Amino acid sequence: MHEHEKEELYYHDHGDGQVHAHPVEHDHDHGHDHGHGHVHTQTKAVLNRLSRAIGHLESVKRMVEDGRDCTEVLVQLAAVRSALSSTAKVILKDHLEHCVADAHDADLQALNEAIDKFM
């Protein structure tokens, strides 16, 4: 890997609040397959949306630290939640357009479980 190239990471949620990242190409087994033979066309848009949501959430944290009105904080938290839901829709639509058409039963089961956790 060259200096100017960034290593692509896969973020894995254990379902108990623990999330860890590892390179997309890896040789250890988690008991399920991470590999996809497709391209996510919305990655840049998703990363941009997540960056904005992170910035927004950090500003909400500062509001709490500054003792701002609870109503204002709740309104801003609702906006962050809405932004995250919107981002999830982009990811899901991208996944449906590029992954599900070639999916196997195990892939569809994993998608169903991810949707259940998200909802």
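Author: Let's start with a term: helices here are DSSP runs of H or I with at least four residues, numbered from the N terminus. Keep in mind that this is a predicted model.

Reader: Good to know! Which helix gives the largest share of the nonpolar patch?

Author: That is helix 1, residues 43-65, which supplies three residues. The patch covers about 340 Å² of surface and is made by L47, L50, I54 and L84.

Reader: And where is L84 found?

Author: L84 lies in helix 2, which spans residues 70-98. With a relative accessible area of 39%, L84 is partly exposed. Patch members need over 30%, so L84 clears that cut-off.

Reader: Now charges, please. How many salt bridges does the count come to?

Author: The general idea first: side chains of opposite charge can pair when their charged atoms come close. In this model the count comes to one salt bridge. The partners are R68 and E72, at 2.6 Å from N to O. R68 is partly exposed at 42% relative accessible area, and E72 is partly exposed at 33%.

Reader: What is the mean pLDDT of the chain?

Author: The mean is 76, and 66% of the residues reach 70 or more.

Terms used
Residues are numbered from 1 along each chain as its sequence is written. This is a predicted model: local features need pLDDT of at least 70, side-chain atom pairs count only at pLDDT 80 or more; totals for chains, interfaces and linings use all residues. Side-chain values use heavy atoms; hydrogens and water are left out. Patches are made of residues with over 30% relative accessible area and no salt bridge: like charges are joined within 9 Å, nonpolar side chains (Val, Leu, Ile, Met, Phe, Trp, Tyr) within 5 Å. Accessible areas come from the Shrake-Rupley method with a 1.4 Å probe; for residues, only the protein chains shown count as cover. A salt bridge is a side-chain nitrogen of Lys or Arg within 4 Å of a carboxyl oxygen of Asp or Glu. Helices (H or I, at least four residues) and strands (E, at least two) are DSSP runs, numbered from the N terminus. Buried means under 20% relative accessible area, exposed over 50%, partly exposed in between (1.4 Å probe, protein chains only). pLDDT is the predictor's confidence in each residue, from 0 to 100.
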